[in-house]
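User: I am new to this structure and would like to learn how to read a helix in it. Please take me through one.

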Amino acid sequence: MALFFLNVFAILLGVFFTNANGSFYQYYSPLWGLNHLTVNPQATDVQLLMDRSSGAGFRSKLDYGSGLFHIRMKIPDKKTGGIVTSFYLTSASDNRDPGNHYELDFEFLGTTGKVQTNVFDNDEGHREQTFNLWFDPSEDFHTYEILWNPHQIVFFVDKIPIRVFKNNTAHGVDYPWKPMHIEASVWEAEWAGVVDWSQAPFIAQYQDFDFRACPAQINMVSQCNSDKYFWNRQWELNAEQKQQMESYRNSYMVYDYCSKTTTSKPECSLNN
């Protein structure tokens, strides 16, 4: 009961707190592929199953205007291409035809261990940065986080920052200003390779559903930009984080959209 009133009070203050167990149903709802989605009795573990008939996905119950979002995830352990296991924020209300929108992605390409990050900046994306990992993401759970505040977007893997997308609106680069919700899913994508269906079913697992975020009103995030939220006070990475990110990217990044000579993305010409 005390936890209930604490959460109600927190929401009235404009910040969303979760309990220590990260109960799935308190903050998320099944979205699609309902017969391919399983929640354990304690609502602390979700399995998404992919076979020839369907994948599955879930989404947060609320939309947000800033926050530090995280999940613990284990991708399918059967080796194949073509299966995408994801955790992301999106402003799109219909992923079948999202059009121009904002989106911040973690996507595992098949089960080979490569993770792709992408940013849709009120457009169709194409800001991919792809990384190897220093572990096998199918063997155990690891933590994937997205910080979104008025100053920067940061992607973290096990607390190590691997990518930053800065607010460069002063230089004519768009930056997410619409509310976004959280989604997670497992699905088939031709661009991610060929699926070895003899290995099906493919099962992705998610845990630790807590996060810290500011619930947003419809089409407004300005009320979520205040420094009263701790995640909004980080204007840039600290010195240690910058060193961690540089070391990681030098060792593990295998693709960067800004390295393409044909890129037209304006942020690639800025010294971030």
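User: Which residues of H3 are buried?

Analyst: This is a predicted model. In H3, the buried residues are Gln241, Met245, Tyr248 and Arg249.

User: Why do the buried residues line one face of the helix?

Analyst: An α-helix has 3.6 residues a turn, so residues three or four places apart point the same way. Viewed along the axis of H3, the buried residues fall within an arc of 95°, so they line one face.

User: What does the face turned away from the buried side carry?

Analyst: That face of H3 carries exposed residues: Ala239, Glu240, Gln243, Glu246, Asn250 and Ser251.

User: What covers the buried residues of H3?

Analyst: The cover includes four strands: E9 (129-131), E11 (152-157), E12 (160-166) and E16 (253-256).

User: How far apart are the end C-alpha atoms of H3, and what span should its 14 residues have?

Analyst: At 1.5 Å a residue, helix H3 (residues 239-252) should span 20 Å, and its end C-alpha atoms are 20 Å apart, which agrees. At the start of H3, a side-chain oxygen of Asn238 comes to within 3.2 Å of the backbone nitrogen of Glu240.

User: Take Arg163 in strand E12. Is Arg163 buried or exposed?

Analyst: Arg163 counts as buried because its relative accessibility is 1%, and under 20% is the cut-off for buried.

User: What does the side chain of Arg163 make polar contacts with?

Analyst: Its partners include the side chains of Thr117 (2.9 Å) and Gln129 (3.4 Å).

Notes
Residues are numbered from 1 along each chain as its sequence is written. This is a predicted model: local features need pLDDT of at least 70, side-chain atom pairs count only at pLDDT 80 or more; totals for chains, interfaces and linings use all residues. Side-chain values use heavy atoms; hydrogens and water are left out. Helices (H or I, at least four residues) and strands (E, at least two) are DSSP runs, numbered from the N terminus. The expected span of a helix is 1.5 Å times one less than its number of residues. Buried means under 20% relative accessible area, exposed over 50%, partly exposed in between (1.4 Å probe, protein chains only). The arc is that of the directions from the helix axis to the C-beta atoms. Contact means heavy atoms within 4.5 Å. A polar contact is a pair of N or O atoms within 3.5 Å; within protein, one must be able to donate a hydrogen and the other to accept it, and residues adjacent in sequence count only if both atoms are side-chain atoms.
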